Amino acid sequence: SDLERAMARYEVAHALAMTGGLEEAFRTVVDASRDAREGAAPTHPGVLEIEWLRGALADATGASAEAESIARAALANATDDGLATRRVRAQLHLGLGNALLSQGRVDEAIESMARGVDETRALFGNEDPKTVSALNDFAASLARSGRLERALPLFAEVRDLRERRLGSQHPLTMRARLNAAE
């Protein structure tokens, strides 16, 4: 089916993005998006996840306005309260925040990212790796935008969570310790 082909392309695009092939990953996810929209409703969680990756890759390749548009359209379609949609909606808020931050729209970015972190925390709990990662990314974005007074307590929270979960000598814990001290 179109959606199955789209999800396979999504997996390829995700793998390409993880290995640094951003341009090829973006082309692949655009094809996946087209297939997904032909094979399923725009509210389908699989379609929404593909759109999240398309927006993230648009932002990573310098097209932050396009990334914003993709994220906003997908958020408008993320209407049901099923677990899969709620998970993607949290990712979309984080992605929208990154796109807005790339455009220098810091206050809007922070609002969207905070919502994404809150939704991730509500879905997975405070100590889940997805929550800790979202919290760390949010803190890093705050720090990059000059909001250190707000970032440092979040970095400290990440440090404490990683230390409890991973131990004091884990590389992620040590990096979190450095971030909290900055």
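Q: What covers the buried residues of helix 1?
A: In this predicted model, the cover includes helix 2 (22–39) and helix 3 (45–60).

Q: Which residues of helix 1 are buried?
A: Leu 3, Ala 6, Tyr 10, Ala 13, Leu 16 and Ala 17.

Q: What puts them on the same side of helix 1?
A: Their arc around the axis is only 130 degrees, so they sit on the same side of the helix. Turned away from that buried side is a face with the exposed residues Glu 4 and Met 18.

Q: How far does helix 1 reach from its first C-alpha to its last, and what is expected?
A: Helix 1 (residues 2–18) spans 24 Å with its 17 residues, close to the 24 Å expected at 1.5 Å a residue. Just after it, Gly 20 has a positive phi of about 95 degrees.

Q: Why is Ser 64 called buried?
A: Its relative accessible area is 13%, and buried means under 20%, so Ser 64 qualifies. This serine is in helix 4 (residues 64–77). Beyond its neighbours within four places in sequence, it touches Ala 58, Asp 59, Ala 99, Ser 102 and Gln 103.

Q: How do you know that Arg 162 has no salt bridge?
A: The nearest side chain of opposite charge, Asp 137, is 6.6 Å away.

Q: What is Arg 162 in contact with, leaving aside its neighbours within four places in sequence?
A: From its place in helix 8 (residues 148–166), Arg 162 contacts Val 132, Ser 133, Asn 136, Gly 167, Leu 172, Thr 173 and Ala 176.

Conventions. Residues numbered from 1 in each chain as written. Predicted model: local features only at pLDDT ≥ 70, side-chain atom pairs only at ≥ 80, totals over all residues. Heavy atoms only, no water. Helix = DSSP H or I, 4+ residues; strand = E, 2+ residues; numbered from the N terminus. Buried < 20%, exposed > 50% of the residue type's maximum accessible area, 1.4 Å probe, protein only. Lys, Arg positive; Asp, Glu negative; His and termini not counted. Salt bridge = Lys/Arg side-chain N within 4 Å of Asp/Glu carboxyl O. Contact = heavy atoms within 4.5 Å. Expected span 1.5 Å × (residues − 1). Arc of directions from axis to C-beta.
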